[in-house]
Amino acid sequence: MRQASLLFLVRRLVQVVPVVLAIAAVNFFLLRMAPGDVADILAGQMGHATLEFTQQLRREFGLDQPVYMQFFYYIGKLLTLDLGRSHLQQAPVIDLILDRLPATVILMLTSILIAIAVGIVLGVAAARREGRLADTLVSVTALVVYATPAFWLGLMLIVLFSIQLDLLPSGGMYQIGAGRTGLAHALDVAKHLVLPSVTLGLFYVAIYTRLMRASMLEVYGLEFITTARAKGLSETTIAWTHALRNALLPVVTLAGVQFGHLLGGSILVETVFAWPGLGRLVFDALLQRDLNLLLGILFVSSVVVVFANLAVDLIYGLLDPRIVHK
Amino acid sequence: MNGLALFWRRYRRNRGAVAGAATLALVVVAALVGPLLYPVDPFDMVGRPSQPPFGRFPLGTDVAGRDVLAGILNGARISLVIGILASLAATLLGVLVGAIAGYYGGRIDDMLMRVTEFFLTIPSFVLAVVVVAIFQPTVMTVTCAIAIVSWPSVARLARGEFIAQRDREYVKGCRAIGMPDWEIILLQIMPNALPPVIVVSSLMVATAILTESGLSFLGLGDPNLVSWGYMIGVARTVLRTAWWMAAIPGAMILVTVLAINLVGEGLNDALNPKLRRR
Amino acid sequence: MTAPMPPVLAVEGLSVEFRTARGVVRAVDDLSFTIGEGETVAIVGESGSGKSTAAMAMLRLIADPPGRIVAGSIRLDGQELLTLDDASLRRVRGRQIAMIFQDPMMALNPIYTIERQIGEVLRLHLGVGRAEAFAQTVELLRLVGVPAPEDRARQYPHNLSGGMRQRVMIAMALACRPRLLIADEPTTALDVTVQAQVLELIQELKTRLGMAVLLITHDLGVVAETAHRVIVMYTGGKVEEATAGQLFADPRHPYTQGLLQAAKWEESDGVELREIPGTVPSPFAMPTGCSFAPRCAAVVPRCQTDRPALTEILPGRPVRCFVAQGAAR
């Protein structure tokens, strides 16, 4: 069994390779389509780079060679995580990205975990009260949230909780200059995390609630639920064990698909809350028209999403014992 | 006629969908005739900046003293135009890919689905941002960028429909009499595969409007046109003193997107009665 | 004749209705029967006869809405089940009355191990710990003839064959030594060779554990092998009841006769299936008289207008048929 799991892991890892290559190809294509000289973009200095430096980049990226050779050079560079330079901060793109990635990952993980937890609870609750007032209320709320632009929701939450009620900070990741360390720092970050993660997560709460509800209702129609009742289990036990774990399977699959979307939402939400992650970096890059930095972010975030999907697949394997044998 | 009556009877049963259609109709009318009835240039500085609503200007003025109502009316045009065009383009591309993959199957299917999955995987909003940034923001590029990130879901759906249809008797019959593939795909199978696709692409209009608002909020909108997302982006700086300035265009987005989603669900009930969701 | 023993299960005047979009349907109508200790009673009938609904009603497992028990009494060892509160009802379910279903693949939760699913019953009703539950689970699996029970216990339903799964279901049902086992089409989803084994197992365990068995089936072959008494149901009501011997030797209701005829043909070669002509009437369009009249070969004019009552034509032989009742007069 363990061997089968390992095989599964290796197979999935191998499947990742062409996807990463395809991402690189898209990047290369976009780079070639961008206005201006490729070496200038890579230099990240918008024409202000020294001739010497652009010449060096030309050599490194094989820009004096035919296009297909350039492609191979480019892929080679990407695979060694050399994404060129950013003129934003006069630093290698990869350094800037890796610097910001943790904040984005924290925000995304917090949001998705909140969303899954709340979505499960609401979805199960709604399914158990199918057709009653609570169910309708949950469904209608989900529909409204589903239609709310996250960045706008964030602004409105700032108005309410930061400006009017003065309960939570309106932006940033921690209080600058406070010099907190250890637990105090963690708590400070958590406090700053509340609004952004709620903003980003709420949309997914709506999605998971609707999905969970539908999935639970489907599972409730299956015969093993009758068996569980015939065994004398209480409705609560049945809902949270037998029904929930089966109903989770399609929801987990969806969570994987959602990661790319989540990252997009994260960009907007980070912009709203000045959260120092990739999204904020995108905003800055846009202001400075730093195309190379943008391309780098596209590459890295795509790769992150691919691996997040891989992780979800593995979790799915843990949840569904049938999967290994397929 | 009879089919239309049946359609309406099924649609009408979903009260939310009827309300959604009415709301959407209002938005459409506002977009079509609003700027004619209220002919104020949304870029003109008409008064003191940051005036609250219900004063000299129905919805107040923004940070640059521009009329918010004029912006809302003109923004409705942009949102709807981009939403609908992007959804149409994505549907065309998606159906094309899905139809070919589903009809032919085999290696073509494998290859096309790999591409589709790939586009489903990469962060679509980031891709849209990069595409618009590289090609400069215009209505055209924004529409294309949204279409590029939206077509895969249509492709998957259309493929499923074509797979379900391709071995039916009537398709076999068409093949037997030597009908060319493109004719079978377009004239025979397509009408049967279309209903669920219509539902998905109507829902896609809503997503496209959300994406467009996000892009223009980041400053990636056509600089010559006012859009709701742009208005929110502008109002951000005065959130502390004039929260309504951001609230109004956002509420418009919410209402429009909600209405479209409700219409989409109504279409689903009316067009796919067998697939009634619970 | 032995001294009358108090019945384990006594059902009286049970009626179940379903509220549907097209109106109220009576799925079980005024059903009464008893099951004694160590006795196997079979309910037979085509699909739509209400036999499965009746079985589900024993444990109040009918989903409400749309279904509802509207009248009657179900007593287990003298205790009324229909008025029990939820908590007390749950103590009856799985402990005093256990149930097995037609398709064990569907009836077992696919994502839990066998051990988890059987152990759950033990821990719930007997309050045993995890380790004890495992030990007892292995014992139960051994009891129902599952080879290598320690290994099997740790496996999932999809790792087992159909017959093994039904044995697991039986082990789960027997975990608390119930007074009554309800088996709803327990062999229908199984291979023919496995069917006999499973039936034998149920019989053997019934004797060994001294429980009562309510067997729901459409298969008269199964009835002949296992049941003491047989209740024939049609459109929600009992049309005939007899000991298995009497029923097979001397069926009185034309419907029973038709069923037996059909079974004989099936048994002989199965080439030409002789079925009772016609179909079960729609519950929305019940005939005014006898509900079997439209399909009945022995029909007389009165059958079209009056509904026959269930009357004993001989001691212990109630039949719901004017013709049979007339013949007995």
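# Exercises on a predicted three-chain model

Chain A holds 12 helices and two strands, where helices (H or I, at least four residues) and strands (E, at least two) are DSSP runs numbered from the N terminus. This is a predicted model, in which local features need pLDDT of at least 70, side-chain atom pairs count only at pLDDT 80 or more, and totals for chains, interfaces and linings use all residues. Residues are numbered from 1 along each chain as its sequence is written, chains are lettered from A, and side-chain values use heavy atoms, without hydrogens and water.

**Exercise 1.** Compare the end-to-end distance of helix H8 of chain B with that of a straight helix, and locate the bend.

Solution. 
- Helix H8 of chain B covers residues 181-217, which is 37 residues.
- The expected span is 1.5 Å times one less than the number of residues, and a straight helix would reach 54 Å here.
- The end C-alpha atoms of H8(B) are only 45 Å apart.
- H8(B) bends by about 65° at Met190(B); the bend is the angle between axes fitted to the seven residues ending there and the seven starting there.
- Pro191(B) follows within four residues of the bend.
- After H8(B) comes Gly219(B), with a positive phi near 90°.

**Exercise 2.** Classify Val29(B) by accessibility and name the patch to which Val29(B) belongs.

Solution. 
- Val29(B) lies in helix H2 of chain B, residues 15-37.
- Its relative accessibility is 47%, so Val29(B) counts as partly exposed.
- Val28(B), Val29(B), Leu32(B), Val33(B), Leu36(B) and Leu37(B) make a nonpolar surface patch of about 580 Å².

**Exercise 3.** Count the disulfides (pairs of cysteine sulfur atoms within 2.5 Å) and classify Cys174(B) and Cys176(C) by burial.

Solution. 
- The whole structure, searched over all chains, has zero disulfides.
- Cys174(B) has 8% relative accessibility and therefore counts as buried.
- Cys176(C) has a relative accessible area of 10% and is buried.

Methods:
A disulfide is a pair of cysteine sulfur atoms within 2.5 Å. Buried means under 20% relative accessible area, exposed over 50%, partly exposed in between (1.4 Å probe, protein chains only). Patches are made of residues with over 30% relative accessible area and no salt bridge: like charges are joined within 9 Å, nonpolar side chains (Val, Leu, Ile, Met, Phe, Trp, Tyr) within 5 Å. Accessible areas come from the Shrake-Rupley method with a 1.4 Å probe; for residues, only the protein chains shown count as cover. A salt bridge is a side-chain nitrogen of Lys or Arg within 4 Å of a carboxyl oxygen of Asp or Glu.
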